Each structure stands twice: as structure tokens, then as C-alpha cells.
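Here's a quick briefing to go with the model you're about to look at. Grab your viewer and let's walk through it topic by topic.

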Amino acid sequence: MGLVETQKFFAQLYTNSQLRERFFANPDVVGLDLGLSLDEIQQLSQLSAKDVNIFANSLKWKRLGEVRELLPRTARVLGKDFNALFWRYAETYLPPGIKKHQNDAISFANFIVKTAQEESIEPAWISDLVRYEKTWLLAYKSHLYLQICWFSYAIHLDCTVEPTIAIWWRLSVQSPLQHFVMGLSPLTSKLNH
């Protein structure tokens, strides 16, 4: 097994708790399914399942701490549900690349929005808030940026029901990121009369 395959194997082992459980319960079968040679299976099955689980959990806690800092309002609103959702998400994804924490937070935000729609997670405005914080992360990543987002709730204030528009822009590499957000209730009420 080459370096890339080894890294891929350990990434799967540290990310997926069900895979870890299956591998340590039956390393021969699972190892062959993963493309390991008999020698590799022999070596890897000598690892301590307890030590691997401890290390895997410490990695997830570190990731959770970083993601919580990048999605602070979402974390505060969801409370313990934020951790529970992250644990579910972390079973399926390990961020690659040099901006791992930022990519992890963006991917986790997508997971929250999808899960909130499928499972009706409260409060009702959580998807708008997550999209708002995710857009900030995407905007900071880019040297040139223009993004216009519509929200159903006043995510910049108290998250009451109010059509809201938010705009992010950066016109050059040297220019600072600009942001504008406004509730549209006065405007929409005038248009309806």
C-alpha cells in the first residue's frame, strides 16, 4: 500500500466509527474489502482499538472546536444540538486541503441546512442563519467576490419573519470585503399598496 492509500485508509478509520468497529471485529474480511494485503492487515490489526478510538475522538473534538468558532451564532442557537449534528456529520466527512477548518465549517453548514429541511430542526430560521454565516466564510476565502442572498428572516437582527437581502462584495485583491444587509418589510409593504 502506497502513502496515498495508507493516508486514505487511516482517514476512513479515524472518521467512520462503524468502519473502525467492523475492522477491529473482523480485520481480515474488512481489510480485504478495503484493498489491503494480508501483510498490511496483519500489521494494522495489531493497532489498539482503544487507542485508535481515543485518537479519532480527539480529532473530532478538535474539529468541533474550530467549526464552532467559525459558525458562532449557529452554535449558540443550536446549543447541544450543534454538537450532536457535528458528530453525525463528522462520521461521513474529513476535510482535505490547507484550509481544512474553513472547508469543514462550510461543509458542515451545508449538512445543517440539508438536515434542517429533512428533519424540521428548530428554530425555523436556523437554515437562514447558517446560510448567512456560511456566506461570510465563502466571502473571506475569495479575492474577488459578489454574492447576493435573500432570507426569509431578519438574520441581522432578531430573526423575526422579514424578507431580508444581504450583499457581500470585494472588487479587488487589495480591497476590503464589504457587506450590506437590510430588511425589506417597509419596501414590500409599499409595493403591496
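How do the residues lining the largest pocket divide into nonpolar, polar and charged? Six are nonpolar, two are polar and four are charged. Keep in mind that this is a predicted model.

**The largest pocket**
- Roughly speaking, you get about 290 Å³ of space in there.
- Its lining includes Tyr14, Leu59, Arg63, Pro95 and His101.
- Of the contributors, α5 gives the most, with five residues.

**Aromatic pairs**
- Searching the whole structure turns up 19 aromatic pairs.
- One of them is Phe86 with Phe108, an edge-to-face pair at 5.2 Å centre to centre and 80° between the planes.
- Phe86 sits in helix α7 (residues 80-90) and Phe108 in helix α8, so this pair ties together parts that are 22 residues apart in sequence.
- Phe86 is buried, at a relative accessible area of 0%, and Phe108 is buried too, also at 0%.
- Ring pairs also link up a cluster made of Trp61, Phe82, Phe86, Trp87, Tyr89, Tyr93, Phe108 and Phe111.

**The strands**
- Strands β1 (residues 145-153) and β2 (residues 161-170) pair up antiparallel, with eight bridges between them.
- In that pairing, Ile148 stands opposite Ile167 of β2.
- β2 also runs antiparallel to β3 (residues 178-183), joined by six bridges.
- There, Thr164 stands opposite Gly183 in β3.

Note on methods
Residues are numbered from 1 along each chain as its sequence is written. This is a predicted model: local features need pLDDT of at least 70, side-chain atom pairs count only at pLDDT 80 or more; totals for chains, interfaces and linings use all residues. Side-chain values use heavy atoms; hydrogens and water are left out. Two strands pair if DSSP finds at least two bridges between them. Helices (H or I, at least four residues) and strands (E, at least two) are DSSP runs, numbered from the N terminus. On a 1 Å grid over the protein atoms alone, a cavity is a set of points where a 1.4 Å probe fits but cannot get out, and a pocket is an open set with protein on both sides within 12 Å along at least five of seven lines; lining residues have an atom within 4 Å of a point. Grid points are joined across faces, edges and corners, and a volume is the space filled by probe spheres set on the points. Ala, Val, Leu, Ile, Met, Phe, Trp, Tyr, Cys and Pro count as nonpolar, Asp, Glu, Lys and Arg as charged, and the others, Gly among them, as polar. Rings of Phe, Tyr and Trp (its six-membered ring) pair if their centres lie within 6.5 Å; planes under 30 degrees apart count as stacked, over 60 as edge-to-face and the rest as tilted. Buried means under 20% relative accessible area, exposed over 50%, partly exposed in between (1.4 Å probe, protein chains only).
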